[in-house]
Amino acid sequence: MKILFKNANVIPITSEPFKGDVLIENGKIKSTGKTEKRGNDVEVIDLDGKYLLPGFIDAHSHIGLWEEGVNEPVSSDGNEWTDPVTADVKAIDGFNPEDTAIERALSGGITTVMIVPGSANPVGGQGAIIKFKSKIVDEMIIREPAGLKMAFGENPKRVYGDQKKTPSTRLGVAAIIRTYFTRVQDYMKKKENAQKEGKTFVERDLKLEAGERVLRGQMPARIHAHRYDDILTASRIAEEFGFKFVIEHGTEGYKIVDTLKAKKISVVVGPLLTFRTKRELKDMTMESIKILNSNGILTALMCDHPVIPLEYASVQAAAAMRQGAKAEDLLKMLTINPATILGIENRVGSIEKGKDADVVVWSGHPFDMKSRVEKVYIEGKKVFE
């Protein structure tokens, strides 16, 4: 199946915007620019006056885990808050593809998300990168597992402090995580020794297997941290054990931009268009987006759905322009930047030849509050109109 989008205002993200055509074939972007010749097997869609952009990507979401319109424990599968270390749980096993929020997310131009467990536990579980292209989670997966969720700060302190258990302090949270990775190191050594001795390793532990993937560089840690001291503690522990990580939320990251830049720490910042619900958000500011981008920090913008419903990703981004953020930077934070952070930039995040045909037709520029999403295609298949 071929589709030719004609006369569109194309914003490719990684190159200059242009007025012209985009041809998609077999789920991929075949060409961009001017397409004069075409066969009878091409569906032509004239987008004169409309905008064509890549699908938006949210690199930190709980969609399908906390279902829209249901505020009951039976439909809240984001946190297994019965143990500070639940590295063995997987977000895909609690994900509901029929969450009504998914259709609304498509109406906001979102096509790809990283779903992660919540932040109740210091080590919370494994996330997955999915596309909204099916009602079967196995068919939606791009990569799984795609990261090990960890959390610093108030959330794990509150959850276990209320239970009179460790961790109830920041000291305790850090100790739990250090102890976990120390156990992972010992586990890996046992495996290696068994291999050297020609023995079958029979002490498999799914919690430690997840940590082994992190220490071997097979997936990153996705670390929830708001305050800048928590960000630095996360960095310290990552350096101690030698693993890759991404900071999630990064509310006070703007206070330590020199450190973030020197250490090449990526940040999935947000949500910022929301109420300051706890003490560690007291210095939250939309201006952080401008500061992080102007200092060369690889930054994506999250909604933290359901905190901000995913369909309002463009609204949150547009609001940051009031504090001096540039439109081109904000578009990258919704597309190529999260794709790069997730390690899928070879497939999505921009309109380029050879990439997946995940494209969205907007009635106007996404940051114009009057603009609406008219059509969404994922891998060349229309999934929303």
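Guide: Gladly! Let us begin with pairing: two strands pair if DSSP finds at least two bridges between them. Keep in mind that this is a predicted model.

Visitor: What makes β10 and β11 a pair, and in which sense do they run?

Guide: β10 and β11 are joined by 5 bridges and run parallel. The cut-off is at least two bridges, so they count as paired. One place to look is alanine 225, whose bridge partner in β11 is histidine 249.

Visitor: How do you know which strands β9 pairs with, and in what sense?

Guide: With strand β8 (residues 123-131), β9 (residues 141-151) pairs in the antiparallel sense over 6 bridges. Glycine 127 stands opposite glycine 147 of β9 there. With strand β10 (residues 221-225), β9 pairs in the parallel sense over 4 bridges, and leucine 148 stands opposite alanine 221.

Visitor: Why are α4 and α5 called roughly perpendicular?

Guide: The two helices pack at an angle of about 90°, with their axes 9 Å apart. Angles of 65 to 115 degrees count as roughly perpendicular, and α4 and α5 are therefore described that way. The residues of their contact divide into 9 nonpolar, 2 polar and 5 charged. Among those that meet are Tyr180, Phe181 and Arg183 in α4, and Lys207, Leu208 and Glu209 in α5.

Visitor: Which residues have the most contacts inside the largest nonpolar core?

Guide: That core has 87 residues, and those with the most contacts inside it are Ile63, Phe132, Tyr180, Phe181, Phe243 and Ile289. Helix α4 (residues 170-196) gives the largest share of this core, 10 residues. As for phenylalanine 132, leaving aside neighbours within four places in sequence, its contacts include Ile63, Ile102, Met140, Leu310 and Val383.

Visitor: What makes proline 338 buried?

Guide: Proline 338 has a relative accessible area of 0%. Buried means under 20%, so the word applies. Proline 338 lies in helix α11 (residues 336-342) and, not counting residues up to four places away in sequence, touches Ile57, Ala59, Ala300, Lys332 and Met333. The C-alpha atoms of proline 338 and phenylalanine 56 are separated by 9.0 Å, although these residues are 282 residues apart along the chain.

Methods
Residues numbered from 1 in each chain as written. Predicted model: local features only at pLDDT ≥ 70, side-chain atom pairs only at ≥ 80, totals over all residues. Heavy atoms only, no water. Core = buried A, V, L, I, M, F, W, Y, C linked by side-chain atoms within 4.5 Å. Buried < 20%, exposed > 50% of the residue type's maximum accessible area, 1.4 Å probe, protein only. Contact = heavy atoms within 4.5 Å. Axes fitted to C-alpha atoms, helices over the stretch in contact; angles between N-to-C directions. Parallel < 35°, antiparallel > 145°, perpendicular 65-115°, else oblique. Nonpolar A, V, L, I, M, F, W, Y, C, P; charged D, E, K, R; others polar.
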